[in-house]
Amino acid sequence: MGKGAKKRSTTTKAEVEGAALDGKAAKKARKKREAAAEARADDAVEVRSWSQVLRPGPGFSLAELDPRSTPGFDGAKKDGEKVMAELQQRLSDLQERLYAESRGGGTRSVLLVIQGMDTSGKGGIMRHVVGAVDPQGVRITAFKAPSAEERRHPFLWRIRRALPGPGMIGVFDRSHYEDVLVVRVHDLVPPATWSRRYAQINRFEQGVVDDGTTIVKVMLHLSPEEQKSRLAERLSRGDKYWKYNPADLDERGRWADYMEAYRVALEKCSTDAAPWHVVPADRKWYARLAVTNLLLEALEGMDPQWPAADFDVEAERQRLELSP
Ligand code: AMP
Ligand code: MG
């Protein structure tokens with residue numbers, strides 16, 4: 001009998017087979033099992049904390065993160081889609097709790113910020129992730145180039161007005177980050193102005209968090225190759241023309257400038273209060289899975305509570321009993 005087999009208190013079929021081998025072979029089989037168990041344990045840790053896996057750490061480089069990769073998830077598309085249904089159910093339950101908590105006087109809320117290049121899948125996130133919860137508890141705001149009125153105010157003015165109220169999940173399809181992305185790439189304001197904005201954004205987000213909002217910031221990280229194929233699809237189908245905007249090609253031409261602007265925003269504005277997450281987005285199913293998990297983790301961390309009844313439950317039961 002091999003040494004390892006003796007140490008174990010329970011014996012599985014595999015171990016009996018392993019024990020039947022002698023010397024080197026048994027040792028090799030044991031090592032293999034141990035390595036497999038270790039790999040499983042690693043996976044479990046990764047899958048539990050998407051936020052940690054997707055948060056850019058020290059030395060993070062956008063250029064080195066493969067947009068086709070699936071960090072934190074080992075499975076293929078069909079596996080991802082299989083778990084989505086269950087995650088969406090959990091998300092929907094937690095959103096209901098958060099909403100109910102606010103009916104009982106709670107003031108907490110969630111803000112999901114989605115940034116990404118054109119065709120990075122922002123719309124799909126709105127439909128597949130946010131669409132899984134009760135529409136009454138969600139407020140989506142898509143930020144376009146500012147209107148004349150918006151331009152008369154500081155850049156955070158329109159953002160403040162779109163913040164989620166108590167119990168709500170606010171979702172930003174683009175955000176105040178455009179004011180250090182498109183604005184920086186196209187010199188829409190002087191450098192002295194946009195360069196001050198990083199600190200302004202950090203202060204603003206800290207205040208939002210202090211007021212009871214959990215912020216989840218996501219950059220959908222797309223490759224230029226995948227963007228090309230998604231744009232080509234928009235140009236090849238009558239039901240996709242509406243999504244195509246000739247100006248998208250001009251933005252595409254500034255890819256490197258955008259990546260530099262994103263790099264700086266990720267670096268300067270990934271705070272403990274409101275960290276950034278970078279989600280590889282070439283595989284739509286993965287990006288949706290990752291964002292769902294990030295949102296779920298945020299809500300689970302908040303642990304929203306059903307409000308206690310503000311009436312005498314027993315008395316009401318008796319009244320109901322006696323009612324015709
Ligand atoms: P889309 O999200 O594809 O519908 O496009 C919205 C457009 O509005 C994008 O080209 C953004 O860059 C642009 N946009 C959003 N916010 C700003 C801003 N603060 N300043 C200038 N352009 C913006
Ligand atoms: Mg667009």
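This is a predicted model: local features need pLDDT of at least 70, side-chain atom pairs count only at pLDDT 80 or more; totals for chains, interfaces and linings use all residues.
**Exercise 1: the chain as a whole**

What share of the 324 residues of the protein chain count as buried?

- Step 1: Start with burial. Of the 324 residues, 42% count as buried.
- Step 2: Go through the secondary structure.
- Step 3: Now the contacts. Take those with a separation of 6 or more: 78% of them join residues 24 or more positions apart.

**Exercise 2: the surroundings of ligand 1**

Find where ligand 1 sits and list some polar contacts that its oxygen atoms make.

*Solution.* 

- Step 1: Locate the ligand. Ligand 1 is in the largest pocket.
- Step 2: Pick out its neighbours. Among them are Phe143, Lys144, Pro146, Arg158, Glu178 and Leu188.
- Step 3: Check the side chains. Arg174 has a side-chain N or O atom 2.5 Å from an oxygen atom of the ligand, and for a polar side-chain atom of Asp118 the distance to a ligand oxygen is 3.3 Å.
- Step 4: Don't forget the backbone. A polar backbone atom of Ala145 lies 3.1 Å from an oxygen atom of ligand 1.
- Step 5: Finish with the area. On its own, ligand 1 exposes 500 Å², and the protein buries 77% of that.

**Exercise 3: two positive phi angles**

Where in the chain do Arg174 and Asp303 lie, and what are their phi values?

*Solution.* 

- Step 1: Take Arg174. Its phi is positive, about 70°, even though Arg174 is not a glycine.
- Step 2: You'll find it in the loop between strand S3 (169-173) and helix H9 (182-185).
- Step 3: Move on to Asp303. This non-glycine residue has a positive phi as well, near 50°, and belongs to the loop between helix H14 (284-302) and helix H15 (313-322).
- Step 4: Classify Asp303. Its relative accessible area is 46%, so Asp303 is partly exposed.

**Exercise 4: a tryptophan in a helix**

Is Trp157 buried or partly exposed, and which residues does Trp157 touch beyond four places away in sequence?

*Solution.* 

- Step 1: Find Trp157 in helix H8, which covers residues 157-160.
- Step 2: Compare with the cut-off. Buried means under 20% relative accessible area. Trp157 has 22%, so it counts as partly exposed.
- Step 3: Leave out residues up to four places away, and Trp157 touches Glu149 and Glu150.
- Step 4: His176 is 19 residues from Trp157 along the chain, and their C-alpha atoms are 9.5 Å apart.

Conventions. Residues are numbered from 1 along each chain as its sequence is written. Chains are lettered from A and ligands numbered from 1 in the order in which they are written. Side-chain values use heavy atoms; hydrogens and water are left out. Buried means under 20% relative accessible area, exposed over 50%, partly exposed in between (1.4 Å probe, protein chains only). Contact means heavy atoms within 4.5 Å. A residue is near a molecule or strand if one of its heavy atoms lies within 4 Å of it. A polar contact is a pair of N or O atoms within 3.5 Å; within protein, one must be able to donate a hydrogen and the other to accept it, and residues adjacent in sequence count only if both atoms are side-chain atoms. Accessible areas come from the Shrake-Rupley method with a 1.4 Å probe; for residues, only the protein chains shown count as cover. On a 1 Å grid over the protein atoms alone, a cavity is a set of points where a 1.4 Å probe fits but cannot get out, and a pocket is an open set with protein on both sides within 12 Å along at least five of seven lines; lining residues have an atom within 4 Å of a point. A molecule sits in a cavity or pocket if more than half of its atoms lie within 2 Å of its grid points. Helices (H or I, at least four residues) and strands (E, at least two) are DSSP runs, numbered from the N terminus.
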